[in-house]
Amino acid sequence: MDVTQLRAQARRHLGPHFTRKDTWASDFPVFVRGEGSYLIDTEGRRHLDGLAGLFCVNMGHGRADIAKAAADQVGTLAYASNWGSAHTPAIEAATLLAELAPGDLGTTFFVNSGSEAVETALKFARQYHRSQGQPERTKIISRDMAYHGTTIGALSVTGLAKIKEPFGPLMPGVRHVPNTLGLLGDCGPAAELDCVTAIERVILEEGPETIAALFAEPVQNGRGALVPPKGYWPALRALCDKYGILLVSDEVICSFGRLGHWFGHGVTGVVPDLITFAKGSTSGYAPLGGVIVREKLVTELYDSPKGGVFTHGATWGGHPVATAVAVANLTAMRDERVLDNVLTEGPELFAALNSLESAHRCVKDVRGTGFFYAIELMADRDSGRELTEAESLKVLREVLPEAFRRTGVILRGDDRGATMLMISPPLVADREVLTELLHGVDAMLNDVEKAVQP
């Protein structure tokens with residue numbers, strides 16, 4: 001079957017995710033194979049996967065060892081639930097996660113995606129407080145422009161109005177506070193920063209006794225790879241401890257090496273109460289997400305007369321094949337010291353991106369750490385002219401998609417609060433691959449400058 005026929009069938013029968021009609025009408029690539037940091041399409045063209053799928057293919061494509069783990073598990077035990085029983089792969093995966101997670105985060109509830117992980121954290125937080133005799137603690141605090149998922153609960157926590165508006169009223173009791181945009185490094189006492197004092201102000205406005213949890217990413221994806229300033233996360237931890245609020249670190253993107261560490265703790269220095277995860281746990285080889293919870297909290301919920309059971313579950317949660325893949329993936333990541341590659345190459349990648357900033361008038365800012373970056377675009381840095389709405393649409397819908405096709409480097413144009421280019425290569429990308437990626441970014445920025453006059 002040729003690619004034209006495949007595209008026609010896709011347009012008729014396959015519902016695309018977050019894809020505009022005009023994009024679906026174009027000659028989009030149809031991928032058939034993956035090798036390392038590359039995807040190969042039906043026409044044999046190699047595309048550098050500069051976004052690691054969707055921030056998830058940490059170990060790269062085409063790993064025979066991870067594929068074998070999946071195949072062996074399918075042939076041994078294709079399915080058993082974790083409802084009143086257990087199976088070896090889920091036990092092994094949960095044990096491995098407990099070894100890697102910070103502090104006493106030692107109990108994992110498996111689900112199937114990042115959105116489900118956030119939904120699970122929401123439910124755990126509310127049921128935990130109820131089990132402790134505080135049923136009024138139902139409200140959630142999260143940050144402006146933060147993305148936390150697409151299910152109704154997770155979407156309610158998300159701070160992006162554009163993707164929430166089509167669905168009408170969502171879950172009540174969610175307050176959004178300022179993010180850390182514009183703050184980096186040592187900005188003075190963190191407790192005095194507006195983005196921190198605003199949180200305490202909301203807590204007091206709502207009533208501390210009504211707040212269940214505070215959700216935040218170690219490095220916020222929405223609004224473009226926002227690295228927190230010094231002391232920010234300890235300030236969050238102090239506020240949560242002061243008012244009895246659970247601190248949820250949403251690490252669907254940030255965990256398993258994306259920032260150069262197993263978990264966000266390596267960047268924040270803070271042990272949260274819950275960690276949500278998904279993407280990098282299996283490097284995309286199988287759907288898996290979950291929530292890692294402090295053992296103390298789990299014990300308190302189960303031992304409470306008003307608890308006894310976490311009233312939550314999913315048919316595929318902790319699926320044998322997915323958890324077997326997670327064990328193979330994380331073991332390989334550890335044995336091959338992949339995180340060391342991120343810690344070594346990440347600063348070099350950041351320095352190279354900053355050199356591109358100085359070379360291109362259309363670059364307003366470069367943000368990020370590890371293998372996770374955002375390039376914020378503008379019309380002309382020298383004059384301070386921002387992109388008009390029309391120019392932004394042209395860059396995102398015409399210039400960048402064409403540049404991805406022409407250069408063979410796949411990245412992501414982002415319009416959440418600004419016009420941005422997101423960069424998130426596989427963690428196994430070596431210097432040669434990263435050099436190719438940087439050449440692609442350079443060419444893309446040239447295309448933007450040609451399309452947008454100063």
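Trainee: Where is the place of Ser283 in the chain?
Mentor: Ser283 sits in the loop between strand S9 (274-277) and strand S10 (289-294). Bear in mind that this is a predicted model.

Trainee: How do you know whether Ser283 is buried or exposed?
Mentor: Buried means under 20% relative accessible area. Ser283 has a relative accessible area of 1%, so Ser283 is buried.

Trainee: What is the phi of Ser283?
Mentor: Ser283 has a positive phi of about 55 degrees, although Ser283 is not a glycine.

Trainee: What about the phi of Phe18?
Mentor: The phi of Phe18 is also positive, at about 45 degrees, and Phe18 is not a glycine. Phe18 lies in the loop between helix H1 (3-13) and helix H2 (21-25).

Trainee: Does Phe18 count as buried or exposed, and why?
Mentor: Exposed means over 50% relative accessible area. Phe18 has 66% relative accessibility, so Phe18 counts as exposed.

Trainee: What makes up the secondary structure of the chain?
Mentor: The chain has 16 helices and 15 strands.

Trainee: Why is the chain called as compact as a globular protein of that length?
Mentor: The globule rule gives 22 Å for 454 residues, and the radius of gyration of the chain is 22 Å, so the chain is as compact as a globular protein of that length. The C-alpha trace spans about 65 × 55 × 45 Å along its principal axes.

Trainee: What share of the 454 residues of the chain count as buried?
Mentor: Of the 454 residues, 54% count as buried. The chain exposes about 19100 Å², and carbon and sulfur atoms supply 54% of that area.

Trainee: Among the contacts with a separation of 6 or more, what share comes from residues 24 or more positions apart?
Mentor: Such residues account for 71% of those contacts.

Trainee: What is the volume of the second largest pocket?
Mentor: The volume of the second largest pocket is about 430 Å³. Of the 21 residues lining the second largest pocket, the closest to its centre are Asn82, Trp83, Thr108, Phe109 and Phe110. Helix H5 (88-100) and strand S4 (105-111) are the elements that give two or more residues to the lining. S4 gives the most, with four residues.

Trainee: How is the lining of the second largest pocket divided by class?
Mentor: The lining has twelve nonpolar and nine polar residues. Asp, Glu, Lys and Arg count as charged, and the lining has no charged residues.

Technical notes. Residues are numbered from 1 along each chain as its sequence is written. This is a predicted model: local features need pLDDT of at least 70, side-chain atom pairs count only at pLDDT 80 or more; totals for chains, interfaces and linings use all residues. Side-chain values use heavy atoms; hydrogens and water are left out. On a 1 Å grid over the protein atoms alone, a cavity is a set of points where a 1.4 Å probe fits but cannot get out, and a pocket is an open set with protein on both sides within 12 Å along at least five of seven lines; lining residues have an atom within 4 Å of a point. Grid points are joined across faces, edges and corners, and a volume is the space filled by probe spheres set on the points. Buried means under 20% relative accessible area, exposed over 50%, partly exposed in between (1.4 Å probe, protein chains only). The radius of gyration is taken over C-alpha atoms; the globule rule is 2.2 Å times the number of residues to the power 0.38. Contact means heavy atoms within 4.5 Å. Accessible areas come from the Shrake-Rupley method with a 1.4 Å probe; for residues, only the protein chains shown count as cover.
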